[in-house]
Amino acid sequence: MRDRVNRLMALIIQACALSSVLVLMGIFLMLLINGAMLFKEVSVFDFLTGMTWNPGAFDGPAYGALSLIWSTILVTIGAMLMAIPLGIAMAAFMSEVAPRFWRNLLKPLIELLAGIPSVVLGFIGIELIGPLLQKYLGLSTGFNALNGSILLCLMALPTIISLSEEAIRAVPFSFKEASYGLGAGKWETLIKVTLPACTSGLIASSMLGLGRALGETMTVLMVTGNALQFPHGFYDSVRTLTSTIAIELGEVASGTTHYFALFAVASLLFCLCLIINIAAEAIAAKFRYRQT
Amino acid sequence: MSQMKLEAKGLDLFFGAKHVLKKVSIRIPDKQVTALIGPSGCGKSTLLRCFNRMHDLNPMAKLKGDVLFEGQDIHLSKAAELRQKVGMVFQKPNPFPQSIFDNVAYGLRLSQKLTKSELEYKVKAALSQAHLIDELPDLKASAMELSGGQQQRLCIARAVAVSPSVLLMDEPCSALDPISTRKVEELVLQLKSDYCVVIVTHNMQQAKRVSDLTAFMYMGELIEFSETRQLFDKASHELTRNYLEGSFG
Ligand SMILES: Nc1ncnc2c1ncn2[C@@H]1O[C@H](COP(=O)(O)OP(=O)(O)OP(=O)(O)O)[C@@H](O)[C@H]1O
Ligand SMILES: [Mg+2]
């Protein structure tokens, strides 16, 4: 009897796991199949390397996604360059350095930051960060990649901080004890022992933050200007992959080339996320192996 | 008597409201091995940790009385400087999750500016002092891949690498098999020609084998402190005799 219940439970759990895999595969297949329809008319090479994205043009629409890809990478890299060092530093400060008073003050604030809807953040980007950038960097407009990066950084920070803090806390006290016992101070212990001991956790938290940044649409859409051009730097207006889908999917007739092109863009995004996840797993696994 | 290496005078220690060390006074000489014995929870580790200010890390711990290192109040100098001179080996082997070389080099890199070859020389010297060098062909390998006994000897090498003048050892063999234990004991006997060694142990045979002096603690008090042979053969205090009989029987 007991045995039969066990087997039944195992079966149910397997079924659940299988179904989530199936749903994921289904989504991926739908994206791929619809996306592939584009390549009846546009070559993969042109799609990936074309500089011009102009699906609406009557005389020869163009489906070159390179500027969209580059925009996404630019905004994401900018966000990560700010969010990873800042997030890890904050996590280290909160778990190792700060007196309890500061920790108790910061922790709810960070959770609050995570709870801000992306539209509201976008609004802040438009009303506050945009004008500030325009004024202090002397730009013609504050709606650019940098603005998007700053907002994405804010969005990724709570994830990075709280997961990094967990990773740092999980470092056994005995390592720190050994470090202090050899005459190290607080900072030396943090930088030379504690942080290196949880590298895999820090990488994992950064990658999860990165995943969030890559897939985020609304805030980016609101503040990056969305100009269809190839951006040359953080001060240029950019249009990311996600923004393109959000902007254009509403007005496109299903079954047209443009429609399939948007699915191709979505597949691309999906692949990017997949690559990042696999890379993160590989890097984290390498560090875990070295440590245990 | 000449100046003592370590000294506690009327030392009281509290963890919150809990009175853990009660008026402990002890004078520990240089170039000898001093063993601390006593039932579990009597405060051996706590006393040991007073000597290199490990209790600074615990905000709950409150200390009263004097602790002297080479005649100086230890709370007058910086904790980090003190800990470079008063090294510690912990009960559980706790190498850093880094390479063997980096583990031993850790303390050296903190305190001294050394060239690469000097550093290498000192690391190897410490490893051979701990009888590890022949067992470890690859110093770049992770310290976590070593056996428990090797890890503990690595921790000893790490502690002696910075050439402290005192080595505090808290049950260094409790996680080790007899062969590793024997190796660590040999090491302790060798170290005593250069160091003042204080070792906490639950193993009476070990205390007899390695120590010159033995202190018996009970419920936070230092009951008896004398030459090891005398303490084991004709302890003057009844508690000591009971404990020794109990733990032998
Ligand atoms: N960090 C701490 N906070 C509160 N109480 C503590 C702490 N560390 C130790 N104690 C208490 O202090 C007393 C002495 O502990 P200590 O670790 O010195 O004993 P010990 O003699 O080393 O025992 P053992 O042989 O089991 O290691 C115990 O009653 C213990 O519960
Ligand atoms: Mg103990």
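This is a predicted model: local features need pLDDT of at least 70, side-chain atom pairs count only at pLDDT 80 or more; totals for chains, interfaces and linings use all residues.

Visitor: What makes A:Phe175, A:Lys176, A:Ser179 and A:Tyr180 in α7(A) count as meeting residues in α8(A)?

Guide: The criterion is heavy atoms within 4.5 Å. The residues named in α7(A) and α8(A) meet in that sense.

Visitor: At what angle do the axes of α7(A) and α8(A) cross?

Guide: Helix α7 (residues 173-181) of chain A and helix α8 (residues 186-197) of chain A cross at roughly 145°, and their axes come within 10 Å. The crossing of α7(A) and α8(A) is right-handed.

Visitor: Why are α3(A) and α4(A) called oblique to each other?

Guide: Helix α3 (residues 66-97) of chain A packs against helix α4 (residues 100-115) of chain A at an angle of about 140°, the axes being 9 Å apart. Roughly antiparallel requires an angle over 145 degrees, and roughly perpendicular covers 65 to 115. The pair α3(A) and α4(A) is therefore oblique. Its crossing is left-handed.

Visitor: Which residues of α3(A) and α4(A) meet, and how do they divide by class?

Guide: From α3(A) come A:Met90, A:Phe93, A:Met94 and A:Ser95, and from α4(A) come A:Trp102, A:Arg103, A:Leu106, A:Lys107 and A:Ile110. The contact of α3(A) with α4(A) has six nonpolar, one polar and two charged residues.

Visitor: How do you know that the contact of α3(A) with α9(A) has no charged residues?

Guide: Asp, Glu, Lys and Arg are the residues that count as charged. In α3(A), A:Thr72, A:Thr76, A:Met80, A:Ile84 and A:Ile88 meet A:Leu202, A:Ser206, A:Gly209, A:Leu210, A:Ala213 and A:Leu214 in α9(A). The division is seven nonpolar and four polar, with no charged residues. The axes of α3(A) and helix α9 (residues 199-215) of chain A come within 10 Å and cross at roughly 145°, and the crossing is right-handed.

Visitor: What makes the pair A:Glu165 and A:Arg169 a salt bridge?

Guide: The cut-off is 4 Å between a side-chain nitrogen of Lys or Arg and a carboxyl oxygen of Asp or Glu. For A:Glu165 and A:Arg169 the closest N and O atoms are 2.8 Å apart, and the pair forms a salt bridge. Because they lie four residues apart in helix α6 (residues 145-169) of chain A, A:Glu165 and A:Arg169 are separated by about one helical turn. Over all chains, the whole structure holds 17 salt bridges.

Visitor: How many salt bridges are counted between chain B and chain A?

Guide: The count is one. A:Glu177 and B:Arg49 form a salt bridge, with their closest N and O atoms 2.3 Å apart, against the cut-off of 4 Å.

Visitor: How much area do chain B and chain A bury between them?

Guide: The two chains bury about 1900 Å², of which 63% is on carbon and sulfur atoms. B:Pro97, B:Tyr106 and B:Leu110 supply 28% of the area that chain B buries against chain A, more than any other three residues. In this interface, 21 residues of chain B are in contact with 21 residues of chain A.

Methods. Residues are numbered from 1 along each chain as its sequence is written. Chains are lettered from A and ligands numbered from 1 in the order in which they are written. Side-chain values use heavy atoms; hydrogens and water are left out. Axes are lines fitted to C-alpha atoms, for helices over the stretch in contact, and angles run from 0 to 180 degrees between N-to-C directions. Helices (H or I, at least four residues) and strands (E, at least two) are DSSP runs, numbered from the N terminus. Angles under 35 degrees count as roughly parallel, over 145 as roughly antiparallel, 65 to 115 as roughly perpendicular and the rest as oblique. A crossing is left-handed if the near helix is turned anticlockwise from the far one by less than a right angle, and right-handed if clockwise. Buried area is the accessible area (1.4 Å probe) that two parts lose on being put together, summed over both.
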